[in-house]
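Colleague: I have some questions about the labels used for this model. Please set each value against its definition.

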Amino acid sequence: MTNASQIIGTSIVQAFQELRANKLRTFLSLLGITIGIFCIIAVLTVLDSMKNNIQKDMATLGSDVLYIGRWPWMDEGGEYKWWEYWRRPGMTPENVKAIQSQVPDVELVTMCLSTNRMTVKYNDLDASSIQGYAVLYGFDKLQTIDIMDGRYLSPNELDGGVNAVVLGYDVYRTLFPTSVSPLGKNVSFHGHKFTVTGIMKKAGQNMAGFDFDNSVIYPYYAAANFLEMRSLNYDPFIAVKAANRKNLEDVKLEVEGVLRKSRKVKPGQPNDFAINQLSQVSKRIEMVFSTIDVVAWVIGGFSLIVGAFGIANIMFVTVKERTKIIGLKKAIGARSSSILWEFLLEAIVLCLVGGLVGIAIVLLLGLFMTYVADFHVTLSLANFFIGIFVSIFVGVLSGLIPARSAAKLDPVAAIRTS
């Protein structure tokens, strides 16, 4: 045990002596290891962070929600037939009522019509490229809508089609740049005036594609008074939330049957609607992540190969420089295995140094992204251990042949080497 500890200690000391004695040569050789470990760990860290952030978004949006409209979010097992989807009839309040009355395992059903590139005006000011959400009752219970000032639309306003509106934060700041409260004021869009009832907190775009900061929310029945809802230019969608602990796939089948009946789709004919889930997006993202993961390992692998050759070169030079010392050690009784482990451990230590530098860079960048760039980075110990293991593995590969050549040296020939 003492002999092993002595070998390890000697190898570590000699590895750092090599770093000090040949700074440029060692730096260039370790650069490949550092870049390789950095590429692998950085991508693994980014992927973990994105997965965790997406899972958090899905938790807030509801993984038990079905989004039903003309357009499928993903291809349905073949070509994406947009020309067929475009001609499908849009969702209607009658479809919503059919689901509410005939599907017992749903907690909430609502509908939303999204219109883009709207212009919202107040006196001489206007906000352009605004997203409008014309909604039925319950929309705020499926999407996270935090009110900064005022209130959300009341059930009476929603069911009665009253011209009332909730402003997104960016819309509010554009139309009311001073400290004047917009509550009770009239803004206009689609050629009609709407009374402001509330202002939403700044939230950013969520995973389902809702950008409430640059939007307005108003009653669906108010929009139905001046928009031709059956036009192919408009595409309302229905959102269905399954009851607690209910199987979403079972609810999906029930909703599909009710909608086929409500929309008079004949037996044998394909659905004239698409039922989407956030899990579809997450599965597709998982596939993309897997591809990126492989690419990262390939890029990192090439860097590690370059680094391994650099470490092997250092170790061959080191063996040549210490040939006489090796001969003297073997002459006074040092075993070949001790010589082999001495050089092998030295190669491992050098690779670990390069790997730890790469891990440190990832750690610093992760902290920067979390606390400065406002992107939460998941720093996983498992990924760091992967980096350390890969560094040790590369050290073994790059140091094994030079170490074996050192262990096989003849002591007499080694001592006589000039």
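Modeller: Here are the labels, one at a time. This is a predicted model: local features need pLDDT of at least 70, side-chain atom pairs count only at pLDDT 80 or more, and totals for chains, interfaces and linings use all residues. Residues are numbered from 1 along each chain as its sequence is written, and side-chain values use heavy atoms, without hydrogens and water.

Colleague: Why is leucine 364 called exposed?

Modeller: Leucine 364 has a relative accessible area of 58%. Exposed means over 50%, buried under 20%, partly exposed in between (1.4 Å probe, protein chains only). So leucine 364 counts as exposed. Its place is in helix H12 (residues 336-371); helices are DSSP runs of H or I, at least four residues, and strands runs of E, at least two, numbered from the N terminus.

Colleague: How do you know that the buried residues of H11 line one face?

Modeller: Helix H11 (residues 323-331) buries Thr323, Ile326, Gly327 and Lys330. Seen down the axis, they fall within an arc of 100°, so they line one face of the helix. The arc is taken from the directions from the helix axis to the C-beta atoms. Just after H11, glycine 333 has a positive phi of about 115°.

Colleague: What makes S6 and S7 a pair?

Modeller: Strands pair if DSSP finds at least two bridges between them. S6 and S7 (residues 192-200) have 4 and run antiparallel, so they pair.
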